[in-house]
Amino acid sequence: MGRMATTGGGGTRVKAARRPEVRLPALEPHTGGGLEPDGDYDGLEFREADLAGQDGGGARFMDCALGACVLDGTRLVRARFLDSVLTAPRGVGTDLSEATLRDVEVHDARLGGVQLHGAVLERVVIRGGKIDYLNLRGSRLRDVVFENCVLVEPDFGGARLERVAFPGCVLKGADLAGATLTDVDLRDAAALEVARGVERLSGAVISTGQLLDLAPVLAGALGIRVED
């Protein structure tokens, strides 16, 4: 199964994620109507915009702020979000597959069924809110922090996570099947529940209490029969 680090024996060093430092310039309000495929959005503020069902596939968002936008079924395949802030986005079925998020902050999201499979996330903070059925299969996460948020059945299948942390997060039914973890810090997660791929926790650091909570799942994965 490999090596899984815990805090026992004086603690374990883990490389901390580098957080983004987003400093937005003075923004202009977006007045151009709906999204356009391969659109180029630079220095714009989208405020309470209803983007449901729109197609922004391949679009680039640079130095942008999206505040309280509706993203139900919004298509953002291969879109790029760079040096941007998303505050209180909400919606179901947002398609961000193969998207790039670099130096991005996401605050208080209320999302369900978000498709981020094959995406690249680098220097990203996702803070607060709740995301149900987050699909990150085959994605690459480097220097990503999930902070004080609730993730219900997140799917990290086949993903690569490097310097990723979950302080204050509730993870329910996480799928880690085939994932590769390096310097992933789970010690400060408020709750940690792994539905699949618990053996892939090699490369993560967990607390002693979490190890005890995961013991039945670990025993099952290793084929250990526990009897009193």
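# A tour of salt bridges and one surface patch

A search of the whole structure finds 19 salt bridges, a salt bridge being a side-chain nitrogen of Lys or Arg within 4 Å of a carboxyl oxygen of Asp or Glu. The model is predicted, so local features need pLDDT of at least 70 and side-chain atom pairs count only at pLDDT 80 or more, while totals for chains, interfaces and linings use all residues. Residues are numbered from 1 along each chain as its sequence is written, and side-chain values use heavy atoms, with hydrogens and water left out.

**Stop 1.** Select R60 and D42. Their side chains form a salt bridge, with 3.6 Å from N to O. R60 belongs to strand β5 (residues 60-62) and D42 to strand β3 (residues 40-42), so the pair links distant parts of the chain, 18 residues apart. Strands here are DSSP runs of E with at least two residues, and helices are runs of H or I with at least four; both are numbered from the N terminus. D42 has a relative accessible area of 45%, which makes D42 partly exposed. Buried means under 20% relative accessible area, exposed means over 50%, and partly exposed is in between (1.4 Å probe, protein chains only).

**Stop 2.** Select R163 and D143. Here the salt bridge spans 2.7 Å, N to O. R163 is in strand β13 (residues 160-165) and D143 is in strand β11 (residues 140-147), 20 residues apart. Is R163 buried or exposed? R163 counts as buried because its relative accessibility is 14%. D143 also counts as buried, at 0%.

**Stop 3.** Select D175 and R196. This salt bridge is 2.9 Å, N to O. D175 lies in strand β14 (residues 170-175) and R196 in strand β16 (residues 191-196), so the pair ties together parts 21 residues apart in sequence. D175 is buried, with a relative accessible area of 11%, whereas R196 counts as partly exposed at 47%.

**Stop 4.** Select R18, R142, D143, E162 and R163. Salt bridges that share partners join these residues into one network.

**Stop 5.** Select L222, I224 and V226. Together they form a nonpolar patch on the surface, with about 310 Å² of accessible area. Patches are made of residues with over 30% relative accessible area and no salt bridge; like charges are joined within 9 Å, and nonpolar side chains (Val, Leu, Ile, Met, Phe, Trp, Tyr) within 5 Å. Accessible areas come from the Shrake-Rupley method with a 1.4 Å probe, and for residues only the protein chains shown count as cover. L222 is found in helix α1 (residues 208-222) and counts as partly exposed, at 49% relative accessibility.
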